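User: I am new to this structure and would like to learn how to read its features one by one. Could you take me through them, giving the general idea before each case?

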Amino acid sequence: MVFSNYEGIRIACIAASVPEGRVDIAAMADDPNEDPKFVKSFIKKTGIAGKHKCGMDQTAADFSYTAAKQIEAAGKYTPEEIGVLINVTQNPDYRTPSTALVLHKRLGLSKSCLAFDVNLGCSGFVYGVSLAAGMLMASDAKKALVLVGDTLARSRKGLGVDQRSSNTTLLFGDASSATLLEKDDASRLTSALMSDGTGHKALSTPYNAWKHPVGPESIPSDDIAVFNFTINEVPALVEEYLTKLGAEIDGYDDLVLHQANMMIIKNIAKRVGMPMEKVPVSLDRFGNTSGASVPLTIVDKYGSCDENKEVRLLTSGYGVGLSWGVMEVTINTKDILPLTYGKDRYDDDYPDE
Amino acid sequence: MFTEINNVKVIGMAAAVSPEWDSISDLSDEDEATVQRFIKKTGVSGRYSASPRQTTADFCFAAAEKLLEEKQIDKKEIGVLVFVTQTGDYRLPASACVLQYRLGLPKECICFDVNLGCSGFVYGLNVLASLLSNTAVKYGLLLAGDSSAREFSTRRKQREGHSGNWLFGDSGTATLMEKTEGGRLQFLSQTDGSGYKAIISPYGSWRNPDSPDGRTHYVVMDDIAVFNFATAEAPKQLNDFMAKTGTTPDDYDCLVLHQANLMIMKRVAKKSEFPEEKMLVSMDRFGNTSSSSIPISLVDKYGETEDDRTVKALCCGFGVGLSWATCALEIAAADILPLVHTDAYYKDGYNLDDQV
Amino acid sequence: MTDQEKIAMLEETWELDEGTLTADTVLADVDEYDSMAKLSLIVLMDDEFGVKLTGDVIKGFETVADILKLMENA
C-alpha cells in the first residue's frame, strides 16, 4: 500500500446532495414490457430498490455546488479561506477547463487558490481527501474543499426495458458530496491507496474521449473481474492499513464502504470481520453513487443525527481504474450535515443550436 | 497560494513527439503572404502532430520509458503517477491507470489524471511533491501533455481563422521526482474561475452534450481575454514569487514560460525584468504544447547538453482555467534527456475500425 | 499629440504604409486589422498611454477615430 500521513489536518465537515427526481425500481414491474421476475431478482441481488436521477438540465457540479454552499451556510468556511479546491468526477461539465474552475467562480473563491479536476470514480473520496490534505499541509492556506460527484444515472434514455442501453444502467444513482478540510494541530489524517491498471478494462468507457473520439456511450463492465478484485484486494488493504495504525476493526463505529452492490458489501464486511449492523447501507435508496457513495452514506446515517458525539469511521472506496483506498474518518456528528435535494442549476449561455 | 515542500527534487525530464514535423506552409491552404504573416505574428513556423492513432498517453509513455531506462530506476520504487492532460484516452478510467499498466508499475502506486492545460506542469509538480512528501514513496512520475492538433488538422478545412490547428502541437513529457534530503520545491499557485470561458471546449461533456454543428472536440479561445490575463497576471506572479523567495532574475539561468505566443511571452519577460536572451522559446518549432511546453522548452535547450552544470529555471505556466502557477526548478542538465521521437501507439482492442 | 501623430503610431504598429489610415477609416475594411493586430493595439495603448483595453471595448471600435479618442494619457 501507499500509506499517507497528514499531520495537522482534519475533516471539518461533510455534506451531500442528490437530485429531487427519484426512480422506484419495484414500480418498473408495472411496465407491461418488463419481466417482473427480472425486477424482483435485480432488487434482491443488488439490494437497490430505488435511486435518484437528475434531468439533462443538471450536472454533478450543480449538486457539488449545493453541498459546498450548505457547508458555507453552516458557517464552516468563508470563500477567502479556501486555498485548495479539488473536484473528483467522471462527468465533468466540459472537456476543458476543469469543472473545478467553474465551481471556483460559482463559489466565489479567491485567486489565492488552486483548483482542478481529478478523474476517478469509486475511490474518489479517499483519493480526493488524501490529495487535498497533502496540498493544504504544504501551503499557507487555511482550508480545502473536496467535491466528489457523478451523474452516472443521468441519461436521455428512460429506464424502461425498451429504452435502457443495458441493465447496468439500473445500478447507478446520481449524487455529489462536499468535504471541508482544515488545519488543526491536534489532528491527523491517514490513508492507504493502491492502483492496478492491469484491470483498466474491467470498468471502462473508452469512447468519446481522445483515443476513440467516436463510439458507443457505454460498454459492458467485466462484473466477475470487478467482483474478484473487490473481495480480494479491499479486505487485504484494510488489514494492512489497520496493522500500520495499530488499530482493530471493532474500534470503529462503522465500516463505510463504496456502495457497489449488496453482495460485494456483505463479502468485504465479512472478510474484515465487521458485523453488518455496523455497515451502513445507502445503496438501497440511492443506488451505486460512484465516488460520492462513501460521503453520501455517512450523511445518510448521521446527517440528521441530533446527538453531539464523535464517531470513528473506517471508509473504503474501490472500483474503476482499478483504484482503491482506505481511510479512517474521525468526526463529530454535528459536522455531518443533513442530506439536501439539489435544486441548483447553472446556465452557461452556450446555445444548443 | 504559496507552497513549500522539502526533501523532494526533480531528477529527470524527457519529452516525446512524433517523428514528422510539419511546417505551417505544408499545413495551410492559405496564400503564402497570409502564412508568412501568421508565422511573423505568432512565432510558430511549424509543429509536430500526432500520427492518426496516437494520443498524449503514447508520447508520455515513450518519454517515461526512456527516462526510467536512462536513470536506471527500479520500477518497484515508483509510488506515484500523475497524468496531467486535457486529452485523456478515455472518459474513464483515468489514463494514469492505463499508463501504470503499460509501464509495468507496481500496485503500490497512486495513479490519477488531473485536468489542467497551460498551468498543468507546474501544478503537476506541486501535486507530485505533496504526495511524495507525505508517504514513504521514493519516486514519483509526472506525465504531462496534450495532443489535440491531430484532431484539428483532420478537420482543418472546416475551421475558420488561423489559430488552433496551426498554433497547437502534440507531445507528451515525463518528469521524475525523488524524495531526497536537501531538495526543496516552492510554488505560487493562483486561480480565477471567473475566466473559465476564456479557453473552453463547451460541448460534448455533461453541461452541453450536443453542439450546434455536431463537433465537440475543439477549443474556443478568447484571444484578447487570454492576452490581457497573461500579460497582467504572469509577471505579477513571477515578481511576487521572486519577492517571496528573495530571488531576482540574476539568480536564474533561464525563464521558462508556457509557450502561449511570442507576443505574450516577450511582454511577460519584460515586465518581470528578465532579459529576452534568458527566455526559452520552443514554440517556434513546437507550437503551443499546453502542459508539455515548459519541459519541452527545457529539453529543447538542454537535452543535448553534455556538460555537468545545474540549470536554475524559473517556470511559469498560465492559461486555461484561468489557472497559473510559478515554481523554481533546479535540475542537472545531464538529467534532461534529448527529445524522443515515436509513432508507436497503444493497441487497446477498442478501435472500431479494427473490429470488423 | 495630434491626430496625425496618433494615426502614424497606428500605421507603424500595424505595419501599414504611411497614409493608409484616416480618422474615418472603417476598421472592418482594413485587412491587417486581425486578431494579432488587436493584441498589438493593446500593447501600444498600455505602453504609450497607460490605457487598458478589454475585449468589449475593442469590439466597440468601428472606425480609427474611435481608437484615437482613447489615445490620451490615462
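Analyst: Let us begin with a pair of residues in a helix: A:Phe38 and A:Phe42 lie four residues apart in helix α1 (residues 36-46) of chain A, and are therefore separated by about one helical turn. Please keep in mind throughout that this is a predicted model.

User: Why does a spacing of three or four places matter in an α-helix?

Analyst: An α-helix has 3.6 residues a turn, so residues three or four places apart point the same way. In the present case, A:Phe38 and A:Phe42 form an aromatic pair, with 6.1 Å from centre to centre and 40 degrees between the planes, which makes the pair tilted. A:Phe38 is partly exposed, at 23% relative accessibility, whereas A:Phe42 is buried, at 8%.

User: Which residues of α1(A) are buried, and within what arc do they fall when seen down the axis?

Analyst: The buried residues of α1(A) are A:Val39, A:Phe42 and A:Thr46. Seen down the helix axis they fall within an arc of 65 degrees, so they line one face of α1(A). The face turned away from this buried side carries the exposed residues A:Lys37, A:Lys40, A:Lys44 and A:Lys45, while the cover over the buried residues includes α6 (262-272) and α7 (283-286) of chain A.

User: What should I look for at the two ends of α1(A)?

Analyst: At the start of α1(A), a side-chain oxygen of A:Asp35 reaches to within 3.0 Å of the backbone nitrogen of A:Lys37. Just after the helix, A:Gly47 takes a positive phi of about 90 degrees.

User: How many aromatic pairs does the structure hold over all chains, and which residues do ring pairs link into a cluster?

Analyst: Over all chains there are 16 aromatic pairs, and ring pairs link A:Tyr94, A:Tyr346 and B:Tyr196 into a cluster. A related feature to look for is a charged group placed over a ring: the charged end of A:Lys201 sits over the ring of B:Tyr350, 5.1 Å from its centre, and B:Arg215 lies over the face of B:Tyr218, at 4.4 Å from the ring centre.

User: How should I read a nonpolar core, and which residues have the most contacts inside the largest one?

Analyst: In soluble globular proteins, nonpolar side chains tend to be buried together. Here the largest nonpolar core has 94 residues, and those with the most contacts inside it are A:Phe116, A:Leu181, B:Val82, B:Phe112, B:Leu298 and B:Leu329. To follow one of these, take B:Phe112, which, leaving aside its neighbours within four places in sequence, is in contact with residues of chain A, including A:Val118, A:Leu120, A:Tyr127 and A:Leu131, and with residues of chain B, among them B:Val82, B:Phe83 and B:Ala94. A second, separate core has 67 residues and includes B:Tyr252, B:Leu257, C:Ile7 and C:Leu21.

User: Where is A:Thr333 found, and is A:Thr333 buried or exposed?

Analyst: A:Thr333 is found in the loop between β10 (323-332) and β11 (340-342) of chain A, and the cut-off for a buried residue is a relative accessible area under 20%. A:Thr333 has a value of 1%, and therefore counts as buried. A:Thr333 and A:Lys309 are 24 residues apart in sequence, and 5.7 Å apart in space from C-alpha to C-alpha. Beyond its neighbours within four places in sequence, the contacts of A:Thr333 include A:Tyr302, A:Cys305, A:Lys309 and A:Val311.

Terms used. Residues numbered from 1 in each chain as written. Chains lettered and ligands numbered in written order. Predicted model: local features only at pLDDT ≥ 70, side-chain atom pairs only at ≥ 80, totals over all residues. Heavy atoms only, no water. Buried < 20%, exposed > 50% of the residue type's maximum accessible area, 1.4 Å probe, protein only. Contact = heavy atoms within 4.5 Å. Phe/Tyr/Trp six-rings, centres within 6.5 Å; stacked < 30°, edge-to-face > 60°. Lys NZ or Arg CZ within 6 Å of the ring centre and 35° of its normal. Arc of directions from axis to C-beta. Polar contact = N/O pair within 3.5 Å; in protein donor to acceptor, adjacent residues only side chain to side chain. Core = buried A, V, L, I, M, F, W, Y, C linked by side-chain atoms within 4.5 Å.
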